[in-house]
Every structure is written in structure tokens, then in C-alpha cells.
Amino acid sequence: MSSLSSTFLEAKSLTRRFGGLVAVNNVSFSIKKHEIFGLIGPNGAGKTTLFNLITGLIPPSSGQLIFQGTEISQKSPHKIAALGIARTFQNIRLFGELSALENVKIARHLRTKSGIVSGILGMPPAAKEEYQNKQKALELLELVGLGDRAEEQARNFAYGDQRRLEIARALALEPQILLLDEPAAGMNPNEKQLLSDFIREVQKSFNLTVVLIEHHVPLMMGLCDRIAVLHFGELIALDTPGVVRNNPAVIEAYLGNE
Ligand SMILES: Nc1ncnc2c1ncn2[C@@H]1O[C@H](COP(=O)(O)OP(=O)(O)OP(=O)(O)O)[C@@H](O)[C@H]1O
Ligand SMILES: [Mg+2]
């Protein structure tokens with residue numbers, strides 16, 4: 001595959017300033033389709049800011065983001081989600097009062113209002129859509145291991161389970177690219193390993209491209225095809241895990257502290 005034809009999501013000289021602080025500084029990279037792409041770096045390096053730029057929560061100060069040939073840099077979060085980019089949040093954003101099922105169903109509305117469903121079983125379209133929505137949401141809950149807890153309020157879930165629920169909600173958008181911001185945070189080592197296996201399975205079965213932020217370096221080394229390293233907003237390395245691990249600048253900036 002040529003790198004040009006397989007480019008899926010591209011950042012070109014992407015910069016984001018907050019007052020005098022340059023949180024993301026002239027960052028360029030291209031992510032390939034079906035890749036598991038890791039993003040590491042110290043606290044405050046700009047990792048979450050990069051996700052916020054990609055998903056349209058904040059606009060770049062300068063530079064461009066291009067998804068499948070379309071410039072998305074100035075698009076709204078809703079439009080970007082509709083294009084097939086979904087995410088989870090470092091600070092979990094669930095509707096705590098709602099059930100797990102409802103949290104996932106809400107996300108599906110972006111996909112099901114198109115009215116393509118008609119005529120089956122003679123049910124009115126809205127009821128049919130609601131039924132299919134529910135079935136799909138239940139499937140996703142099953143997939144993330146929460147199938148038997150669909151009716152429980154999200155706020156009662158342990159941290160790790162809330163993170164899995166967020167993944168189910170992101171998958172409900174039927175994304176092409178899934179951005180996960182520290183999905184293993186708050187999980188024990190066993191759960192982290194299971195999550196790593198799960199991300200690989202999901203990537204395969206949904207034909208996804210995955211971009212993953214995570215501080216647990218062994219997990220990242222084992223899971224990612226390539227890893228980008230941010231340091232004070234700058235991209236200081238981008239390569240395969242084996243190469244990144246031995247990069248002196250990366251060891252100095254980040255890995256040395258592990
Ligand atoms: N909305 C904002 N307003 C002002 N400063 C911000 C904002 N968002 C992020 N920053 C600053 O930008 C820098 C990068 O933050 P960011 O959250 O992207 O780091 P991170 O790499 O995700 O760190 P962590 O590993 O701790 O999650 C930090 O100095 C942060 O304080
Ligand atoms: Mg962050």
C-alpha cells in the first residue's frame with residue numbers, strides 16, 4: 001500500500017493555542033485505514049486537545065485536518081460524528097441518571113433518523129425504528145460485556161464498566177474511526193489486558209481505524225501498529241512500537257519516568 005492512497009485521517013501543521021500556551025504545536029501525521037494508532041506523552045502534552053480538534057469540540061488555531069479527503073477542521077462535532085468519527089472521553093460523559101441501554105440508544109439517533117427503514121412487519125416506522133434501535137443497543141452492550149446490566153443506571157457502574165459503556169455508545173454511531181481517550185484508566189491489570197484484547201477484536205470485526213490515548217505503555221506497545229509521541233504539544237516521534245521504545249528523545253521525555 002502506498003502511504004498516500006491509504007491515508008485516512010491526516011493532520012497538516014495542526015496548531016492549537018490557549019492564550020499564550022501552545023497545546024498542540026505544528027503537528028502533522030497521517031493515520032492509515034484499519035490501523036491501531038497510539039498517542040502517548042506526559043500529562044499536558046496535548047493528547048486530549050488533539051482529540052478535541054479531530055472531533056470538532058474546538059477549532060484549530062491554524063493547520064488542517066482531513067478525513068477521507070474532506071477537510072473537517074471547521075466542522076461541528078455533530079457533522080464530524082456523522083462522517084464516522086466517534087470517541088470516548090477521558091472524563092467519562094455518560095447520562096448517569098439514565099440506564100446503560102438508554103445511554104447507547106441516544107447515540108444511535110444520529111444513525112436512525114434517516115428513515116431508510118420502512119414496511120417491515122407492518123409496524124409504524126417510529127416503533128420499528130425504536131425496536132431496531134433497542135436491539136442494536138442491546139447487541140452492543142452484550143459486546144462490551146454489559147448485556148445483563150442494560151437496565152441499570154449508568155452512575156451505579158464501576159469506573160471500568162462506565163468506560164466500556166462509553167465504548168458501546170461510541171460504537172452505536174457506527175463509526176469508521178474510533179478515538180479512545182485513556183480507556184484503561186481505573187482498570188486493574190487483568191481488566192487492562194482484557195480491554196486490549198477487546199480493542200483488537202472490535203477493530204477487526206467492525207473494520208475500524210482506532211486511535212488510542214493511554215498511559216499504560218506495555219498495553220500500547222503490544223496493541224498499536226504505530227505510536228505517536230507528543231511532548232509539550234510537539235510531535236517528537238512517530239513510528240512502530242519497537243522503534244519508538246528505543247528513541248532517546250522519547251525515553252528522555254516520557255518513557256524514562258515509567
Ligand atoms: N480548554 C482549555 N483551555 C485552556 N487550556 C487548556 C484547555 N484544554 C487543554 N488545555 C491545556 O493544554 C495543555 C494540553 O492539555 P491536554 O488535556 O491536551 O493534555 P493531555 O496530553 O491530554 O494530558 P493528560 O495525560 O493529563 O490527559 C495543558 O497544558 C492544558 O492545561
Ligand atoms: Mg488527556
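## Two domains in a predicted model

The C-alpha centres of domain 1 and domain 2 lie 27 Å apart, the domain bounds being taken from an automatic or database domain assignment. Domain 1 is made of residues 1-84 + 175-258, while domain 2 covers 99-172. Nine residues of domain 1 and seven residues of domain 2 take part in the contact between them, where two residues are in contact if their C-beta atoms, placed from the backbone, lie within 7 Å. On the side of domain 1 that touches domain 2, the residues divide into seven nonpolar, one polar and one charged; in this scheme Ala, Val, Leu, Ile, Met, Phe, Trp, Tyr, Cys and Pro count as nonpolar, Asp, Glu, Lys and Arg as charged, and the others, Gly among them, as polar.

This is a predicted model, in which local features need pLDDT of at least 70 and side-chain atom pairs count only at pLDDT 80 or more, whereas totals for chains, interfaces and linings use all residues. Residues are numbered from 1 along each chain as its sequence is written, and chains are lettered from A and ligands numbered from 1 in the order in which they are written.

## The chain as a whole

The chain has nine helices and 10 strands, these being DSSP runs numbered from the N terminus, with helices (H or I) of at least four residues and strands (E) of at least two. The radius of gyration of the chain, taken over C-alpha atoms, is 19 Å, close to the 18 Å that the globule rule (2.2 Å times the number of residues to the power 0.38) gives for 258 residues, so the chain is as compact as a globular protein of that length. Along its principal axes the C-alpha trace spans about 65 × 40 × 40 Å.

Of the 258 residues, 40% count as buried; a residue is buried if 20 or more other C-beta atoms, placed from the backbone, lie within 10 Å of its own, exposed if 12 or fewer do, and partly exposed in between. Among the contacts in the chain with a separation of 6 or more, 67% are accounted for by residues 24 or more positions apart.

## The shell around ligand 1

The residues around ligand 1 are Phe18, Leu21, Ala23, Gly41, Asn43, Gly44, Ala45, Gly46, Lys47, Thr48, Thr49 and Gln90. Two or more residues of this shell come from each of the elements β2 (21-32) and α1 (47-54), and α1 gives the most, with three residues. By class, the shell divides into four nonpolar, seven polar and one charged.

α1 is followed by Gly56, whose phi is positive, near 80°.

Helix α5 (residues 159-171) has 13 residues and reaches 19 Å from its first C-alpha to its last, close to the 18 Å expected at 1.5 Å a residue, the expected span being 1.5 Å times one less than the number of residues. In α5, 11 of the 13 residues are buried, so α5 too is largely enclosed by the rest of the structure. Its buried residues include the charged Asp161, Arg163, Arg164, Glu166 and Arg169.

## Individual loop and strand positions

Leu173 sits in the loop between α5 and β7 (177-181) and is partly exposed, with 19 other C-beta atoms within 10 Å. Leu173 and Ala86 are 87 residues apart in sequence, yet 6.8 Å apart in space, C-alpha to C-alpha. Pro59, in the loop between α1 and β4 (62-67), is also partly exposed, with 13 other C-beta atoms within 10 Å. Leaving aside neighbours within four places in sequence, Pro59 is in contact with Ser73 and Gln74.

Most residues other than glycine have a negative phi. Ser13, in strand β1 (residues 7-18), has a positive phi near 45°, and Ser13 is exposed, with 12 other C-beta atoms within 10 Å. Phe232, found in the loop between β9 (226-231) and β10 (234-239), likewise has a positive phi, near 50°, and counts as partly exposed, with 15 C-beta neighbours inside 10 Å.

Note on methods: A residue is near a molecule or strand if its C-beta atom, placed from the backbone, lies within 6 Å of it.
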